[in-house]
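Me: I would like to learn how to read the strands and helices of a model. Please take me through one.

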Amino acid sequence: PRASFHGRFFLLQFFNPEIHTSRFGALVSRSTAKSAARRNYIRRTMFRVLLDKERTLPHGDYLSIARKGISEIPREVLAEDLGELLSGLAREAQRKK
């Protein structure tokens, strides 16, 4: 990865800044949440935040990985943590320009 950012609940990796569009991936393992419904809930939360922040981010590939132990954390807290990671990545990209 070109850059990695660690939050309380997520690991965000940024790849491939040469492309002219953004692509997003979300990874939630079975060890993170046993129930498929809960994994999908976490995944939908991740994609919602990624798409909300898309305009502020540099083009590239993004992989958001959920950490273990987040299955009972409220959506608002998860969204806040991932949003902070994405904001940090956007600031880092602006600083490097």
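**Sheet and helices**

Reply: Serine 4 has glutamine 13, in S2, as its bridge partner. This is a predicted model, in which local features need pLDDT of at least 70, side-chain atom pairs count only at pLDDT 80 or more, and totals for chains, interfaces and linings use all residues. Residues are numbered from 1 along each chain as its sequence is written, and side-chain values use heavy atoms, with hydrogens and water left out.

Me: What order do the strands of the open sheet have?

Reply: Strands of a sheet pair through backbone hydrogen bonds, either parallel or antiparallel. Strands (E, at least two residues) and helices (H or I, at least four) are DSSP runs, numbered from the N terminus, and two strands pair if DSSP finds at least two bridges between them. Here the order of the four strands is S1-S2-S4-S3, with mixed pairing. S1 (3–6) and S3 are at the edges with a single partner strand each, so one side of each lacks a neighbour in the sheet. S1 and S2 run antiparallel, joined by four bridges.

Me: Which residues of H1 are buried?

Reply: Buried means under 20% relative accessible area, exposed over 50%, and partly exposed in between (1.4 Å probe, protein chains only). In H1 the buried residues are Arg39, Ile42, Thr45, Met46, Val49 and Leu50. Viewed down the axis of H1, they fall within an arc of 130° (taken from the directions from the helix axis to the C-beta atoms), so they line one face of the helix. Ala37 and Asp52, on the other side of H1, are exposed.
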